[in-house]
Amino acid sequence: MTETATPFNKPLPVLDGLAKEFYDWCKQHELRFQRCTDCGAWRHVPREMCAECGSWNWEWAKASGRGTVFTWTVVARALHPAFQSDTPYAPVVVEMDEGVRLLASVVDCPPDQLRIGMPVEVIFDAVTPEVTLPKFRRARG
Ligand SMILES: [Zn+2]
């Protein structure tokens, strides 16, 4: 065996219900959010009813994959042992061009270089055979 990759040891999302549908799209390298088919409002995290108009009708609509850094925090002391070697790291809230916000990481940007409003674009990280996480990198072009 020449396999050198270490197994992914961080907590993973629970794949059931609407969350499973969201991550199944990520596995196909498509970032999709729910969009109300009555009023057009985008929403995330996944839920059954539109908070804008009360409709139960929605679709998984393909997002642009582009957004900006809305805010972040720097974790200096990990609260879970699996993140200890990553410190310091920055969980980042990205505001997508569609208006929804997503908690993720910006993989190519150290915490001290993050800026509010910084353009970012989605990438997909297949951390296990079952789970692909959406992450972000600085926007290019
Ligand atoms: Zn609606």
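## Before we start

You are looking at a predicted model, in which local features need pLDDT of at least 70, side-chain atom pairs count only at pLDDT 80 or more, and totals for chains, interfaces and linings use all residues. Residues are numbered from 1 along each chain as its sequence is written.

Helices (H or I, at least four residues) and strands (E, at least two) are DSSP runs, numbered from the N terminus. Two strands pair if DSSP finds at least two bridges between them.

## A sheet of three strands

Follow the order β2-β1-β3 and you will trace an open sheet with antiparallel pairing. The edges belong to β2 (42–43) and β3 (58–62); each has a single partner strand, so one side of each lacks a neighbour in the sheet.

Strand β1 (residues 32–36) makes five antiparallel bridges with β3, and Arg35 stands opposite Glu59 in β3. With β2, β1 pairs over two bridges, also antiparallel. β1 and β2 form a hairpin with five residues between them, and Gly40 in its turn has a positive phi of about 85 degrees.

Most residues other than glycine have a negative phi, and most peptide bonds are trans. His29, in the loop between α1 (17–27) and β1, has a positive phi near 60 degrees. His29 counts as partly exposed because it has 13 C-beta neighbours inside 10 Å; buried means 20 or more other C-beta atoms within 10 Å, exposed means 12 or fewer, and partly exposed lies in between, with C-beta atoms placed from the backbone.

Val45 sits in the loop between β2 and β3, while Pro88 is in the loop between β4 (66–72) and β5 (92–96).
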